[in-house]
2 protein chains.
Amino acid sequence: MALTQTAETRYTKPVLVAINKPFDDEDGLQALRSHPLFSELNGKDLQHLIHQSRRIRLGHHQLLYRQDMPAHHFFFVISGRLRLYRLDSSGIDRTLDSIAPGDCFAEVMIYADPPRYACYAEALKSSEVLMIPVKAYQDMLESNPKYAQAALRHYAKRAVSRFHDLEIMTVQNARDRLIRYLIDLLPNGAEEGGEVELPLPKCLVASRLAMQPETFSRILADLKANGLVRVNRSRLFISDPQRLIEISQ
Amino acid sequence: MALTQTAETRYTKPVLVAINKPFDDEDGLQALRSHPLFSELNGKDLQHLIHQSRRIRLGHHQLLYRQDMPAHHFFFVISGRLRLYRLDSSGIDRTLDSIAPGDCFAEVMIYADPPRYACYAEALKSSEVLMIPVKAYQDMLESNPKYAQAALRHYAKRAVSRFHDLEIMTVQNARDRLIRYLIDLLPNGAEEGGEVELPLPKCLVASRLAMQPETFSRILADLKANGLVRVNRSRLFISDPQRLIEISQ
DNA sequence: GGGAGTAATTGACCTAACTCAAAGTGTTTT
DNA sequence: AAAACACTTTGAGTTAGGTCAATTACTCCC
């Protein structure tokens with residue numbers, strides 16, 4: 001296995017470090033307020049929700065929760081970056097998503113029955129997340145049904161985006177999957193070129209795209225040799241996305 | 001391309017045949033009522049919604065909608081079976097989902113912005129669907145916010161299930177993807193054996209699992225030779241799912 | 001029941017991608 | 001500054017699975 005050590009062997013159980021610093025920095029609060037799940041909330045409801053939540057600091061590679069653990073909370077990323085992954089019976093570690101500041105994750109658990117995490121979540125670097133009790137959000141929604149519209153929009157969008165992820169994975173060859181992945185990272189899709197930053201280390205992007213790190217490296221080297229991307233560490237510059245699409249047939 | 005003709009070449013535009021038969025057969029109505037998106041509705045609201053909808057009959061292989069078409073409706077399957085797929089630039093047809101009676105599809109479009117279908121939908125055999133105006137459902141939800149809870153549960157469940165589909169597709173080898181797919185078809189998962197019916201023709205299951213029909217056929221022949229499944233047309237009998245999981249490493 | 005059309009299987013061959021191994025690069029620690 | 005570590009790249013050999021072609025099995029019509 002090329003992916004160094006797995007989280008499974010690194011930790012015996014998640015160790016969460018709540019920190020006392022209240023969640024009131026103006027930028028953090030602003031980020032929370034701009035998330036669809038919270039944007040409609042009035043000040044009082046939002047404060048009440050935050051009051052019931054805990055702020056958690058996670059170290060590099062620290063596990064937040066495990067697959068199949070009962071899910072009593074969902075999370076909002078204040079800073080850092082996390083990834084979601086699954087471990088199969090042979091211990092292979094498959095990355096499913098990466099999560100940036102301003103995103104929520106495990107929020108589908110609010111309505112899962114039984115509520116169990118569907119994957120592992122770990123910090124890719126030192127990060128801070130807001131740990132929100134599922135019940136608190138549920139109660140708030142029940143007493144203010146008008147908030148449900150925004151939540152519905154968010155959930156529907158999430159379902160569409162997962163559908164799109166699935167679509168990439170039905171592409172049979174590794175090069176075309178990588179190309180589609182890169183184009184999705186571009187702010188305007190295939191419309192115009194630009195620079196993208198890989199949201200994960202290359203070996204984890206490879207895992208996300210169901211290929212080996214070596215394959216990823218070779219494909220990228222090949223695209224580079226053909227002048228289709230310029231590579232600078234985890235920053236890629238794509239000048240002509242249309243040409244990339246053309247060669248992916 | 002092994003998948004015979006594509007829908008793209010078969011049709012120039014979807015031809016929808018609304019039929020006059022009102023949607024009031026007791027069993028059809030019962031099925032609708034048991035779907036989470038409608039189960040909470042009171043009789044009057046449900047009747048109003050049905051009144052604004054149209055009943056559509058689809059012939060074998062008939063296209064219902066195309067990818068990127070503006071989405072003004074979502075659908076409930078009354079009878080038959082449909083599949084969702086995408087077509088890429090080289091015309092390859094990739095199956096993403098199959099839909100059975102009692103299911104809804106394109107329902108995420110209720111909250112998409114802009115509302116455009118993310119894929120093609122076609123009937124796999126002669127089918128009937130209820131075509132529900134997105135706006136009608138939206139209006140109903142807005143005037144009855146209490147219905148939103150059930151909708152939220154449904155959307156969250158859908159997102160989880162797409163996540164799970166994605167997870168299967170990050171499994172790198174074709175045999176293990178097929179095994180996981182089969183186990184998911186079993187009513188009780190890996191808990192106990194049983195008979196499953198493939199929801200799609202074999203060549204489309206292959207496409208759903210990002211492999212060639214030939215590969216699908218060979219893997220199934222191999223599982224059969226090892227006594228892991230018994231195959232009878234599209235019905236498979238799996239006596240010991242645990243053994244299947246064991247060999248998939 | 002025969003013929004057309006479609007789906008599934010099987011064989012032979014080939015290539016994309018995996019595996020293993022080693023070396024290179026950048027980062028953190030002491 | 002060196003050592004330790006993590007990640008990435010490159011090379012060589014192997015294999016899973018794709019491709020092409022031919023055969024068989026179904027299904028639907030007439």
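Colleague: How many salt bridges does the count come to over all chains?

Modeller: In this predicted model, the count over all chains comes to 30 salt bridges.

Colleague: What makes the pair Asp97(B) and Arg162(B) a salt bridge?

Modeller: The rule asks for a side-chain nitrogen of Lys or Arg within 4 Å of a carboxyl oxygen of Asp or Glu. The side chains of Arg162(B) and Asp97(B) meet at 3.2 Å, N to O. That value is within the cut-off of 4 Å, so the pair is called a salt bridge.

Colleague: How many salt bridges are counted between chain B and chain A?

Modeller: There are 4 salt bridges between the two chains. One of the salt bridges in the model joins Glu167(B) to Arg86(A), with the closest N and O atoms 3.1 Å apart. Since 3.1 Å is within 4 Å, the pair meets the rule. Between chain B and chain A there are also 9 residue pairs in polar contact, counting pairs with both residues at pLDDT 80 or more.

Colleague: Which elements give two or more residues to the side of chain B that touches chain A?

Modeller: They are strand 5 (82-87), strand 6 (93-99), helix 4 (134-143), helix 5 and helix 7 (202-208) of chain B. Helix 5 of chain B gives the largest share, 16 residues. By class, this side of chain B has 22 nonpolar, 10 polar and 10 charged residues.

Colleague: How many residues of each chain are in contact, and what area is buried between them?

Modeller: Contact here means heavy atoms within 4.5 Å. On that basis 42 residues of chain B touch 42 residues of chain A. The buried area between the chains is about 3900 Å², and carbon and sulfur atoms give 68% of this area.

Colleague: Which residues lie nearest the centre of the largest cavity?

Modeller: Of the 15 lining residues, Phe163(A), Leu84(B), Ala106(B), Val108(B) and Arg162(B) lie nearest the centre. Helix 5 (148-169) of chain A and helix 5 (148-169) of chain B each give two or more residues to the lining. The largest share, 3 residues, comes from helix 5 of chain A. The lining divides into 12 nonpolar, no polar and 3 charged residues.

Colleague: What peptide bond joins Asp113(A) and Pro114(A)?

Modeller: A cis peptide bond joins Asp113(A) and Pro114(A), with omega about 0°. Pro114(A) sits in the loop between strand 7 (104-105) and strand 8 (120-123) of chain A. In chain B, a cis peptide bond joins Asp113(B) and Pro114(B), with omega about 0°.

Methods:
Residues are numbered from 1 along each chain as its sequence is written. Chains are lettered from A and ligands numbered from 1 in the order in which they are written. This is a predicted model: local features need pLDDT of at least 70, side-chain atom pairs count only at pLDDT 80 or more; totals for chains, interfaces and linings use all residues. Side-chain values use heavy atoms; hydrogens and water are left out. On a 1 Å grid over the protein atoms alone, a cavity is a set of points where a 1.4 Å probe fits but cannot get out, and a pocket is an open set with protein on both sides within 12 Å along at least five of seven lines; lining residues have an atom within 4 Å of a point. Helices (H or I, at least four residues) and strands (E, at least two) are DSSP runs, numbered from the N terminus. Ala, Val, Leu, Ile, Met, Phe, Trp, Tyr, Cys and Pro count as nonpolar, Asp, Glu, Lys and Arg as charged, and the others, Gly among them, as polar. Buried area is the accessible area (1.4 Å probe) that two parts lose on being put together, summed over both. A polar contact is a pair of N or O atoms within 3.5 Å; within protein, one must be able to donate a hydrogen and the other to accept it, and residues adjacent in sequence count only if both atoms are side-chain atoms.
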